[in-house]
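Subject: Structure handover

Hello,

Here is the structure, followed by some notes on what was found in it. Please read them with the model open.

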Amino acid sequence: MSLLSAPEGKAAVRGIGIGLRARHYREFLDSHPRADWLEVHSENYFGDGGYDLHVLEHVRSQYPVSLHGVALSLGSADGVRTAHLAKLKRLADRIEPALVSEHLCWGAIGPRHFNDLLPLPYTREALAQVASHVMQVQESLHRRILIENVSSYLQFRASELSEFAFLAELAKRSGCAILLDVNNVFVNSVNHGFDPEQALLEIPTQAIGEIHLAGHCAAGELLIDDHGSRVVPQVWKLYETACRRFGPVPTLIEWDTSIPPLDILLDEAAMAARVSQAICA
Amino acid sequence: MRDLAALQARFAAGLDAPVPDTGTQDLFVGESEQVRQRLGIYRGNAKANAAKAIAAAYPVVEKIVGGEFFSGLASEYQSRFPSVNGDLNEYGGAFAAFLVDFPPAVEIPYLAQVACLEWRVHCAHYAADPGPFDPARLACVPPEHQLLLRPRLHPACHVLQAAYPIARIWEVHQDTFSGEFKVDFTGDASYALVYRPRFRVEVAQISNAEAAFLGEALDAQTLGCALAAAQLRDASFNLGRSLSEWVRSAVIVDFKLNGE
């Protein structure tokens, strides 16, 4: 599988990264904030040129960068959108990122794109399709990609596997790595009523390549994955379990709505570093 | 069995249905009221994400009509032109055409033309960066061949003609604008130039002659052709002054020699 390993000579991702958002561009252009690595949403850099790409190329010269896609729609029954994949490939060729990741979900069917991370039925049919799409992307990009578990509000009656058994099997079949979003595990455990600690046991340790941490909010009994606040204590606790099970895994602090000053993100990153080091030292 | 395709088609129909619950509920685990509420979150997400994209591309239209009316426009636009692209920065290109056809918006006659300008500004933000320009390369061109040079415009550049002073309307609605909030609607046609000196997109009102010149340049015509087109509109058009201004502001980013 040498075709699918990360290109040689690229800075490796280690430690705690933060999501780079436009609000913090200026600070990254003017100074060198202490983050181990940075992750961006791939689609925000699909343009031919301009300011966003200028900033991304600048930070890429200073930090390892991870491209995190939100709209490739790997779970679409009618296949990967090849124009979208071509744009991702162009960006990856330009930036030479340390990591490329996407979500275990779908967002488009026929001509329509919902621009959302819609849940999949965890069926064997869906597994075969997603695995084939992941392999298609990996062959196109000439690298292994990571696939992230999403938060969800609904479960399909048709599902035959648990979400995490599906993800584990996907990794096995396609050779992809797993991006484990610990906040999403917690959000789903509340929304769908399962034990999040048990769910982590379903994830094969050798497949984990990255962890995400973020905040969520509550709407009645439902938890909404809005990435708009600090990581909650229960998610920190679950992160401790993940660190014990998976060892030191590159971990990202994600914040997408009500984006706070950079210091708050760096403070969350420092907290993640303390948790990880205390367990993995 | 193509269960996944059928399931996604049903889910999609449920998300786009004008009212919730059009027979998708039995796809999901849970009591019907709970499923209905949770489907509502996905219905809301899809709308909110597209609405955010429209608002990001059309801030001046939003300022002109106000937030509430704009939300209504964005919502109606979405139902007529749903997103078909995973890249939301490409969503909203038909907004100006939609405004021309949408009776509540027609009361502000310049709104669609302002939207047209804003879409060009939006696209200019993502346009390619020009390569390096080496003026020394032009030094070897003999004077009698200079009018055969073909000016190359920055990929972000666009010229618009409108019946209303759209460049001025755009200018007075910028957050950074501090002059008198006044627009003169008495003129005839107006011409706007969208350009991007470095990373910040700018809009300038230009003359008919300048628009004619830049239109020829966008068509890859020679300086001689462009000059003739400009002088047809304004005999006093000053080529030297215009060229140096446009090179300085990165409207013109290179000149192609004959045969290039």
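Domain bounds here come from an automatic or database domain assignment. This is a predicted model, in which local features need pLDDT of at least 70 and side-chain atom pairs count only at pLDDT 80 or more, while totals for chains, interfaces and linings use all residues. Residues are numbered from 1 along each chain as its sequence is written, and chains are lettered from A and ligands numbered from 1 in the order in which they are written.

Domains of chain B

Chain B splits into domain 1 (1–108) and domain 2 (122–260). Their C-alpha centres are 37 Å apart. Contact between them (C-beta atoms, placed from the backbone, within 7 Å) involves five residues of domain 1 and four residues of domain 2. On the domain 1 side, helix α3 (residues 59–65) gives the most, with three residues; helices (H or I, at least four residues) and strands (E, at least two) are DSSP runs, numbered from the N terminus.

Helix α2 of chain B

Helix α2 (residues 32–57) of chain B has 26 residues and should span 38 Å at 1.5 Å a residue, and its end C-alpha atoms are 38 Å apart, which agrees. The expected span is 1.5 Å times one less than the number of residues. Among the buried residues of α2(B) are V35(B), L39(B) and Y42(B); buried means 20 or more other C-beta atoms within 10 Å of the residue's own, with C-beta atoms placed from the backbone. Their cover includes β6 (112–118) of chain A and α1 (3–16) of chain B.

Contact between the chains

Chain B puts 38 residues into the contact and chain A 40 residues. On the chain B side, α1, α2 and α7 each supply at least two residues.

Regards

Definitions and conventions
Two residues are in contact if their C-beta atoms, placed from the backbone, lie within 7 Å. A residue is buried if 20 or more other C-beta atoms lie within 10 Å of its own, exposed if 12 or fewer, and partly exposed in between; C-beta atoms are placed from the backbone.
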